[in-house]
Amino acid sequence: TYEVKKNIFFNLPFIASIIFILHPLHTEVVANIKGRDEIFAVLFSLIAIWLSFRQLKSGSILYAFFAGIFFLLSLLGKENAIMLVPIIPLTFWFFLNTKRNELIYISLPYSVAVIIFLIMRTKAIGFFFSGGNEITEIMNNPFYGVSFADKSATIFYTLGLYLKLLFFPHPLTYDYYPYHIPIVHWMEAKAIIPLILYIMMAIIAVYGFRKKMILSWIIIFFVTTLFITSNFVFSVGTFMNERFLFMPSIAFCVFIAWMLTEKLPSKSVPFGKYLGIAIFLILSFGFTYKTLNRVTDWKDQETLDLSALKVSKNSARANSFVGYNLYRKGLLEKDLLKQKYLFEEGLPYVNRALEIYPQYSQAITAKAGIVSGLYQQDGKLDILLSEFRELLLLRHVEFIDQYMVYLNNKYAQKPERSLLVQFYHQTGYEIFAVKNKDFSLAIKYLNLGRKLDTSDLQLIQDLVLINYEAKNYNACHEMAKEGLRISPEDSICLAYKK
């Protein structure tokens, strides 16, 4: 069909393959170990399609068997390959005029592979598609608490960005987390324009379907394979990702190759073939330069995070990661002045992350580590405890618990322990009990305080009140006795016990 023998290099399959190899969006898939699932899904899917083609030509059931095996491997690589189940028979119908009974025969191995995969998946994770537990952490569910209107508008904004990155892959980043991608409203052009584009694409796909127009197939392939990671079906844990385009970009590469080898060389375009070759060379050199430039960003974690921050300035994740990496470098630094400089350099980044998302546990942990590192140098316990208290107001993190145990051991017999006792009252009672109603954490922190001073009446009174609120009446009664009935609640505890 595409005169491959006459045009060994300038034909649709060759041009599409070269563009797919060179496209800068695929850098993440290759450089990031997380991208192996995408590679396996695409590689094994394409092998399965080739085997189905051989099955159609030869009629051998052996090709059908191995097509099913390779498609199962594709699904085990990444489950988004399931979207190819309707695409594969459609492809044969579009390009080879395959009959209905042959299409059913071709589809059978893929259907069996899907059934086997879904059984394996259910056995492995214990449920079919969803465990039923709503994810409330926006770093894993960025649309939590967002209205359906704003969610759909933001999704169409990201779908527009996907199209833009395919044609013009700049700038690139690995971080599309909140709020590098902002929540978009339907009154904004950045949501309306992509919606119009996709409606136009849908009209073209429907119009060209019966005519078996290649543009119709391109649109169907692209939209179908992108749909599962679009956040319309379920949250994929981020607004978007460049690696999600690895499979859909096949359609884009075919589109560019079709335009350059089929449409431009037509009689209506003067010197169309040479124009197509020129555009292909320009694209190839541009994509190659961008890909090689982008690969350097993946040298190590530090270069990757810094490159992401240049693009994703409003991402809590990118800012937190840069701050944490500086903190980690500081821990390894033996020169105290350099160490302090690294800690202080990292502080603005974690502060920015918390400004974007105040409840971000990783940023809170990173800042707790940095301020504790600065405390190790200046010994200012009051400043450290004040910082810890502010962080615990945002969210509880295990790092602070562990560090407080260290401080308890350090100041067990020193005057500074009174600062710690006061800290435990403020965090255990005022923050965890009164503000957050987290009685177990409140009791945990107050008991840490009592390890320093078992006779402190403030901590005893706190425990009486908290145990009463938590309906731990036996503990409430014991604490009331220990405090010599300093609180009116002790009589309630005693009465309830009797």
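Asn231 sits in the loop between helix H9 (214-227) and helix H10 (249-263). Helices here are DSSP runs of H or I with at least four residues, strands are runs of E with at least two, and both are numbered from the N terminus. The model is predicted, so local features need pLDDT of at least 70 and side-chain atom pairs count only at pLDDT 80 or more, while totals for chains, interfaces and linings use all residues. Residues are numbered from 1 along each chain as its sequence is written, and side-chain values use heavy atoms, with hydrogens and water left out.

## Backbone features in loops

Most residues other than glycine have a negative phi, and most peptide bonds are trans. Asn231 is not a glycine, yet its phi is positive, about 80 degrees. Is Asn231 buried or exposed? With a relative accessibility of 0%, Asn231 counts as buried. The cut-offs for relative accessible area are under 20% for buried and over 50% for exposed, with partly exposed in between (1.4 Å probe, protein chains only).

Lys437 also has a positive phi, of about 55 degrees, although it is not a glycine. Lys437 is in the loop between helix H18 (417-435) and H19. Its relative accessible area is 53%, so Lys437 is exposed.

Two cis peptide bonds can be described next. One joins His170 and Pro171, with omega about -10 degrees. Pro171 belongs to the loop between helix H7 (148-167) and helix H8 (189-207). Another runs from Pro178 to Tyr179, where omega is near -5 degrees. Tyr179 is likewise in the loop between H7 and H8.

## Salt bridges

How many salt bridges does a search of the whole structure find? The search finds eleven. A salt bridge is a side-chain nitrogen of Lys or Arg within 4 Å of a carboxyl oxygen of Asp or Glu. The table lists some of them.

| Pair | N to O distance |
|---|---|
| Lys34 and Asp37 | 2.7 Å |
| Glu302 and Lys329 | 3.3 Å |
| Lys444 and Asp401 | 2.9 Å |

In the pair of Lys34 and Asp37, Lys34 is partly exposed at 39% relative accessible area, whereas Asp37 is buried at 15%.

The salt bridge of Glu302 with Lys329 ties together parts that are 27 residues apart in sequence, because Glu302 lies in helix H12 (residues 301-311) and Lys329 in helix H13 (residues 316-332). Glu302 is partly exposed, with a relative accessibility of 36%. Lys329 is partly exposed as well, with a relative accessible area of 36%.

The salt bridge between Lys444 and Asp401 links distant parts of the chain, 43 residues apart: Lys444 is in helix H19 (residues 439-452) and Asp401 in helix H17 (residues 398-410). Lys444 is partly exposed, at 37%, but Asp401 is buried, at 4%.

## Helix packing

Two packed helices are described by the angle between their axes and the distance between the axes. Axes are lines fitted to C-alpha atoms, for helices over the stretch in contact, and angles run from 0 to 180 degrees between N-to-C directions.

Helix H1 (residues 12-22) packs on helix H11 (residues 272-295) at an angle of about 20 degrees, and their axes are 9 Å apart. H1 is therefore roughly parallel to H11. Angles under 35 degrees count as roughly parallel, over 145 as roughly antiparallel, 65 to 115 as roughly perpendicular and the rest as oblique. In this pair, Ile15, Ile18, Ile19 and Leu22 of H1 meet Phe280, Ser284, Phe287, Thr288 and Thr291 of H11, where contact means heavy atoms within 4.5 Å. By class, the contact of H1 with H11 has six nonpolar, three polar and no charged residues. Ala, Val, Leu, Ile, Met, Phe, Trp, Tyr, Cys and Pro count as nonpolar, Asp, Glu, Lys and Arg as charged, and the others, Gly among them, as polar.

Helix H15 (residues 361-378) and helix H16 (residues 381-394) pack at about 175 degrees, with their axes 9 Å apart. This angle makes H15 roughly antiparallel to H16. From H15, Ile364, Lys367, Ala368, Val371, Ser372 and Tyr375 meet Leu381, Leu384, Glu387, Phe388, Leu391 and Leu394 from H16. The contact of H15 with H16 has nine nonpolar, one polar and two charged residues.
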